[in-house]
Structures are given as C-alpha cells and as structure tokens.
Amino acid sequence: MRAELLERGSRIYAENCVACHRATGEGVARAYPALASNPGVIMNSTINAIRVVLNGGLPPGTYANPRPYGMPPFAQQLRDDDMRAVPTYVRHRWGHGDPAGATRAMCRIRGGPGQVRGPTQRPECVAPPAP
C-alpha cells in the first residue's frame, strides 16, 4: 500500500506540481515556494500540507511583490487517496518521513464546515447513518 501511495503521489506531483515547485522541490525564488525544508510541509501534523493541496493558497501581497502567484485548489479534481498521496510523496521525497495520520487529517479537513467535497469520499470518512 505504501509503495502504491508513493507512486501515485509521484505521478500527481509530476502532473500538477513540478512546473512550479520543480523536481528538486526547491521552487522558484520570489515566485513559487520551496517544498524541501518548508516548515509547513515537514511539521509533524499533515493538516497544513493537505489543506494547501485541497484549498490552494495565496501569499500576502507586499510592496516588493504586490501581485504574488497563488497555488490553485485541487479539491475538485483530486480524489481523497490522491490528497493523501501528494503530501506523503513530498514528505518522503525530501526525507521528512511519512505523514502520520494522513487519512484522519484528510477526512477531518475534507469533511469540515465550509469545505468542498471532492469527486469521491473514502468509506472511513463517511459517518454511519443515524439509527
């Protein structure tokens, strides 16, 4: 299962992320953030990394960079397994280890208030029907 998850993450990264974050994970200075050594990626909790993949992100504008590039959200096009695979691959690729509890974190975020549901939902994320 882990090898399959890493392979899936590698494929998704190549298709959606490498143009900006580069194959090395170093990004592009003043345009696209590095993923290698990024505190938001290497922290113990995977919630931040999964949220960024789901919802995208836009850094604040500054005087030196009034119109920064943003990352698009992938909630509508990636399945839940894909959402787990991307941070798992990124963390593994740059030596950060596997994200503990990625499935639980993804379920909490994907099912949180105001969050958009994606194309599929993992069975473990679906609450059983009320009796």
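**Working through the model**

Author: We can begin with Arg22, which lies in the loop between H2 and H3. Helices here are DSSP runs of H or I with at least four residues, strands are runs of E with at least two, and both are numbered from the N terminus.

Reader: Before that, what kind of model is it?

Author: A predicted one, in which local features need pLDDT of at least 70 and side-chain atom pairs count only at pLDDT 80 or more, while totals for chains, interfaces and linings use all residues. Residues are numbered from 1 along each chain as its sequence is written, and side-chain values use heavy atoms, with hydrogens and water left out.

Reader: Is Ser37 buried or exposed?

Author: Ser37 is exposed, because its relative accessible area is 58%. Arg22 is at 37%, so it counts as partly exposed. The cut-offs are under 20% relative accessible area for buried and over 50% for exposed, with partly exposed in between, using a 1.4 Å probe and protein chains only.

Reader: Step back a bit. How many helices and strands does the chain have?

Author: The protein chain has 6 helices and 0 strands. Of its 131 residues, 37% count as buried. Among contacts between residues at least 6 apart in sequence, 58% join residues at least 24 apart, where contact means heavy atoms within 4.5 Å.

Reader: Which residues have the most contacts inside the largest nonpolar core?

Author: Tyr13, Leu35, Val53, Leu78, Met83, Val90 and Trp94, in a core of 17 residues. Helix H1 (2-16), helix H4 (47-55) and helix H5 (80-93) each supply at least two of its residues, and H5 gives the most, with 4. A nonpolar core is a set of buried Ala, Val, Leu, Ile, Met, Phe, Trp, Tyr and Cys residues joined through side-chain atoms within 4.5 Å.

Reader: What does Tyr13 touch, leaving aside neighbours within four places in sequence?

Author: Tyr13 is in contact with Val18, His21, Arg22, Gly25, Leu35, Tyr89, Val90 and Trp94.

Reader: How far apart are the end C-alpha atoms of H5?

Author: They are 20 Å apart, which agrees with the 20 Å that its 14 residues should span at 1.5 Å a residue. The expected span is 1.5 Å times one less than the number of residues.

Reader: Asp82 is on that list. What does it contact beyond its sequence neighbours?

Author: Leaving aside neighbours within four places in sequence, Asp82 is in contact with Arg8 and Ile12. Asp82 is buried, because its relative accessible area is 11%. Arg8, in helix H1, is buried as well, with a relative accessible area of 19%.

Reader: New topic. What lines the largest cavity?

Author: Ile12, Asn16, Cys17, Val53, Met71, Phe74, Leu78 and Val86 line it, and they divide into 7 nonpolar, 1 polar and no charged. About 40 Å³ of space lies in it. For these classes, Ala, Val, Leu, Ile, Met, Phe, Trp, Tyr, Cys and Pro count as nonpolar, Asp, Glu, Lys and Arg as charged, and the others, Gly among them, as polar.

Reader: How much space lies in the largest pocket?

Author: About 550 Å³. It is lined by 27 residues, of which His21, Pro33, Leu35, Val52 and Met71 lie nearest its centre. The lining divides into 20 nonpolar, 7 polar and no charged, and its largest share, 4 residues, comes from H4.

Reader: What separates a cavity from a pocket?

Author: On a 1 Å grid over the protein atoms alone, a cavity is a set of points where a 1.4 Å probe fits but cannot get out, and a pocket is an open set with protein on both sides within 12 Å along at least five of seven lines; lining residues have an atom within 4 Å of a point. Grid points are joined across faces, edges and corners, and a volume is the space filled by probe spheres set on the points.
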